[in-house]
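Thanks for making time this morning. I will go through one structure, part by part, and keep to what can be read from it.

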Amino acid sequence: MDQEKQLIKDTIERILDDHCTPGVVDAAEAGTSPETLWQHLFDNGLLQPGDHAGQLLRSCGSRAVPAPVSETIIAGQLLVQAGHEEPLEAMTTLAMAAMSEVGEIWKGEVTNVAFANIAPQILVLHNDMNRSKLGLFNMKDLEITSATNMAGESRASIAIDAKPIKTVNAPARSSGDVMKRGASSRALMMAGAIEAILGLTVEYATTRQQFGRPISKFQAVQQQLAVMAGEAAVSMRASDSVIGLDANITDVAIAKSRIGEAAGKVSDIAHQVHGAIGYTREHRLNHLTRRLWCWRDEYGGERYWQQILGRRICQSSAVGLWSRITAAG
Amino acid sequence: MFQGLSFEPVSLPAEAEQLRREVRDFLAKEQGWFPNSDFNAGESAAFSQRLAERGWIGMTWPKQYGGGDRSFLERYVVTEELLAAGAPVGAHWIADRQSGPLLLKFGSEAQREKFLPAITRGEYFFSIGMSEPDTGSDLASIRTSAERTDGGWILNGSKIWTSGAHHNHFLIALVRTEPPSDNRHAGMSQFIVDLKDNNVTVTGIKNLAGESDFNQVFFDDVFIPDDHVVGEPGNGWAQVMSELAYERSGPERFLSAFRVVVEFMEEIKDEPTDEQMAVLGRLVSHIVTLRRMSISVAGMLEAGGTPDTEAALVKDVGNAFERMVPEMIRACAPNNVSPRFARTFQECVLHAPSFTLRGGTQEILRGVIARGLGLR
């Protein structure tokens, strides 16, 4: 990694280490918004779209950041793409759905909205056949039905029957962009979480003693950790190809599906090596594995993206398969 | 926070892409061989010589020894194109991949001049002599040994699983030149053995697929002149260790089953089901990612590093993937398949057990990775 990128990574991770402790993650699951963390990220300019965003998401994944970081950044990107220069000033979540417009009022329902319980605003992408529109709403104008995913992250349903505080016309097919960027964000977050799990598990195995020695001395455990390291390396490299949050659909499909596959294997091994203590809420492993089990299914699971990739490949001949692989770089 | 092993993205240079086009043009005109579904399953001295004429053997070696002075990344492109096409590369593969580099790094000037140009012309093919009937993963336990004599050594013992020894010209054998001691890795040397020597006997062994590709080689008082000892006597272990990154890092470690994927695609082309398309997408997601990591390792070699752990990791993940390929395809293949698909598929299944054995078993590679994690 070059020096500048390393500096950005170190800055991000210092903020996260200071302000996104396991206690903050647990408190967020109980409903407390991580405002100090958010303020630090915001004050450092990290929540605007930029080259740092991919690394930010990987690092956020590794610390289980319980806030709509990817949503705020993707919302910012959509607005910039639509020619709207003013940056977002507040925590913003994101949704897309068919809406109906009655005068200036938008009506419709969105589901699985991330962190609606703490985000004061939401950007909704409303697509119809001919055009897309972005509408920014104050959360207090909307009707929220709370729900959480397996990781205790808020994933609410929202009934919209309100006037947006801002409306912008968006380029057509923006929904494709949301899927690609959303999938990329989950791929990056999973890669970060996987790397963190590898570190936690190696540390556990080298300190936990049984039969008079660290369990890392047993070949059965070493072999499993080696498999985990393989999946972690694969995940990191796959995520590098989507780190700009503007990747082509092939790279997104590869990253999301391959890292989603890795997520299952890595969590299995991590829990096996950690034994019973890793199976508690008290130990921090659950912050990461529960998130992997959720994030792998958000913005399309493995099957969804494998099928997209396979369908695209089948549009060319078998003879051309190798060329497509080399063209992917 | 702990960092796993890193595989920085590496872009192939423009020269490499130009070379790719040349290799594809070359392959388009090739005929007379059926694409193999395991690089180890195809060999043709004539094919190797045609490659040699294009300058594609010994590409990274200095021009003074017949090489092309080209980068590891350019070599990578040539080798991956050949493997993806299922070309019969077996005859020259070992010489090009590791025997030549060994002599470049540790051999005497006379050895470099004697062997390297001939390898680049496709005139000398090499086999590896490491395993023995009682020595597999525990390489330091070898018993083949040599005793000092006038002007050289007298070699006795046996090597096994020596691919290609029945028709290659030379074997580089790891032998004991001093008795075993407390230092298990001391006292070994590598010898260049002439496979046509009267005191060398090569006996074919039929593998599970019915091919007689590998062999047992017997040494009966074989005279090895001093100038056929690679580098210094006693330096054998260090030499063998230095070959490992070359041996383990290439695209052959995840492309062995690639032809099955191509034939599968051909088989489903008219009306692919959703499941078949998803399986194809899954396979490609693995191949693309492994390829990116493998190129990264080639970049590390180009930069002069010794990416032993990285090479072991890519080989381990790659080999596990190779073994999965026929199983995944089988689970969604059409009921009636063409003879061509059946042939490629069956060859792969029959070779698959060897993917995770050769060049370092899965268990050994995972031990290397574990060491890289600080666990051993």
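**One residue at the interface**

Let me begin with B:Val317, which touches A:Gly230, A:Val234, A:Arg258 and B:Leu290, leaving aside residues up to four places away in sequence. Contact here means heavy atoms within 4.5 Å. Before going on: this is a predicted model, in which local features need pLDDT of at least 70 and side-chain atom pairs count only at pLDDT 80 or more, while totals for chains, interfaces and linings use all residues. Residues are numbered from 1 along each chain as its sequence is written, chains are lettered from A and ligands numbered from 1 in the order in which they are written, and side-chain values use heavy atoms, with hydrogens and water left out.

Back to B:Val317, which sits in helix α9 of chain B, residues 308-330. Helices (H or I, at least four residues) and strands (E, at least two) are DSSP runs, numbered from the N terminus. Is B:Val317 buried or exposed? B:Val317 counts as buried, at 12% relative accessibility. The cut-offs are under 20% relative accessible area for buried, over 50% for exposed, and partly exposed in between, with a 1.4 Å probe and protein chains only. B:His286 is 31 residues from B:Val317 in sequence, and their C-alpha atoms are 9.5 Å apart.

**The two chains together**

Now the whole interface. In chain B, 48 residues are in contact with 49 residues of chain A. The area buried between the two chains is about 4,400 Å², and carbon and sulfur atoms give 66% of that. Buried area is the accessible area (1.4 Å probe) that two parts lose on being put together, summed over both.

How many salt bridges cross between chain B and chain A? The rule finds 3 across this interface; a salt bridge is a side-chain nitrogen of Lys or Arg within 4 Å of a carboxyl oxygen of Asp or Glu. B:Arg282 and A:Glu261 meet in a salt bridge through their side chains, at 2.9 Å, N to O. As for the side of chain B that touches chain A, its largest share, 16 residues, comes from α8(B).

**Salt bridges within the chains**

Over all chains the count comes to 40 salt bridges. One of them joins B:Arg75 and B:Asp96, with the closest N and O atoms 2.9 Å apart. This pair links distant parts of the chain, B:Arg75 being in helix α3 and B:Asp96 in helix α4 (residues 90-106), 21 residues apart. B:Arg75 and B:Asp96 are both buried.

Another salt bridge is between B:Lys159 and B:Glu132, at 2.8 Å between the closest N and O atoms. B:Lys159 lies in strand β3 (residues 152-160) and B:Glu132 in the loop between β1 (126-129) and β2 (145-149) of chain B, so the pair ties together parts 27 residues apart in sequence. B:Lys159 and B:Glu132 are buried as well.

In chain A, a network of salt bridges links A:Glu71, A:Glu153, A:Arg155, A:Arg186, A:Arg291 and A:Glu298. A:Arg155 also lies over the face of A:Phe115, 5.5 Å from the ring centre. For that, NZ of Lys or CZ of Arg must be within 6 Å of the ring centre and within 35 degrees of the ring normal.
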